[in-house]
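This report concerns the surroundings of selected strands and side chains. Please consult the sequence and the model alongside the text.

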Amino acid sequence: QVQLVESGGGLVQAGGSLRLSCAASGRTLSDYNMAWFRQAPGKEREFVASITWNSGSTRYADSVKGRFTISRDNAKNTVYLQMNSLKAEDTAVYYCAGRGWGTEVNGYGYWGQGTQVTVSS
């Protein structure tokens, strides 16, 4: 079993940046493709970005392409989401997910507890 713990969320002004981290324990992350999802109040959880186990391929939602970057450091058992040029519509709880692939919530078996990102306009 893998435990995922997100950190790095907070309050930021529009146009600012944040870097989210997802640290794993219980098993090495290098076995898994990883992803970030987000859920805004009153909305369904949606795909943000994903990365293969060896960082060979990444994928982004159109809404964040060019602004967000997903990366990983398997030696540190950590996945990151660098978020630049943040907009008010990026406000959501951000979740780390693992052991899966694709853009669907049910495509992943491991989930963190989430970290709140609030962007003020």
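W111 is partly exposed, because its relative accessibility is 25%; buried denotes under 20% relative accessible area, exposed over 50%, and partly exposed the range in between, with a 1.4 Å probe and protein chains only. The model is predicted, so local features are given only at pLDDT of at least 70 and side-chain atom pairs only at pLDDT 80 or more, whereas totals for chains, interfaces and linings use all residues. Residues are numbered from 1 along each chain as its sequence is written, and side-chain values use heavy atoms, with hydrogens and water left out.

**Aromatic pairs and charges over rings**

The aromatic pairs number 5, where rings of Phe, Tyr and Trp (its six-membered ring) pair if their centres lie within 6.5 Å; planes under 30 degrees apart are stacked, over 60 edge-to-face, and the rest tilted. One of these pairs is formed by F37 and Y108, which is edge-to-face because the planes stand at 75°, with the ring centres 5.4 Å apart. F37 belongs to strand 4 and Y108 to strand 10 (residues 108-111), so this pair connects parts that are 71 residues apart in sequence. Strands are DSSP runs of E with at least two residues, numbered from the N terminus. F37 and Y108 are both buried, and for Y108 the relative accessible area is 6%.

Y108 also pairs with W111. The table sets out the two pairs that share Y108.

| Pair | Centre to centre | Angle between planes | Class |
|---|---|---|---|
| F37 and Y108 | 5.4 Å | 75° | edge-to-face |
| Y108 and W111 | 6.5 Å | 75° | edge-to-face |

Through ring pairs, F37, F47, Y108 and W111 are linked into a cluster.

**Strand 4 and its neighbours**

Strand 4 is largely enclosed by the rest of the structure, because 5 of its 6 residues are buried. Strand 4 (residues 34-39) runs antiparallel to strand 5 and is joined to it by 5 bridges; two strands pair if DSSP finds at least two bridges between them. Within this pairing, M34 stands opposite I51, and F37 has F47 as its bridge partner.

Strand 5 is mostly covered, with 5 of its 6 residues buried. Strand 6 (residues 58-60) runs antiparallel to strand 5 and is joined to it by 3 bridges, and A49 stands opposite Y60. These strands likewise form a hairpin; 6 residues lie between them, and S55 in the turn has a positive phi of about 65°.

Is S50 buried or exposed? S50 is buried, because its relative accessible area is 0%. This residue is found in strand 5 (residues 46-51). Leaving aside residues up to four places away in sequence, S50 touches M34, A35, S57, T58, R59, I70, W101 and Y108, a contact being heavy atoms within 4.5 Å.

**The disulfide**

Which residues does the disulfide join? The structure holds 1 disulfide, defined as a pair of cysteine sulfur atoms within 2.5 Å. The link joins C22 to C96, with an S to S distance of 2.1 Å. C22 lies in strand 3 (residues 18-25) and C96 in strand 9, so the pair ties together parts that are 74 residues apart in sequence. The link is left-handed, with -75° about the S-S bond. C22 counts as buried because its relative accessibility is 0%; C96 is buried as well, with a relative accessible area of 0%.

Technical notes
Helix = DSSP H or I, 4+ residues; strand = E, 2+ residues; numbered from the N terminus.
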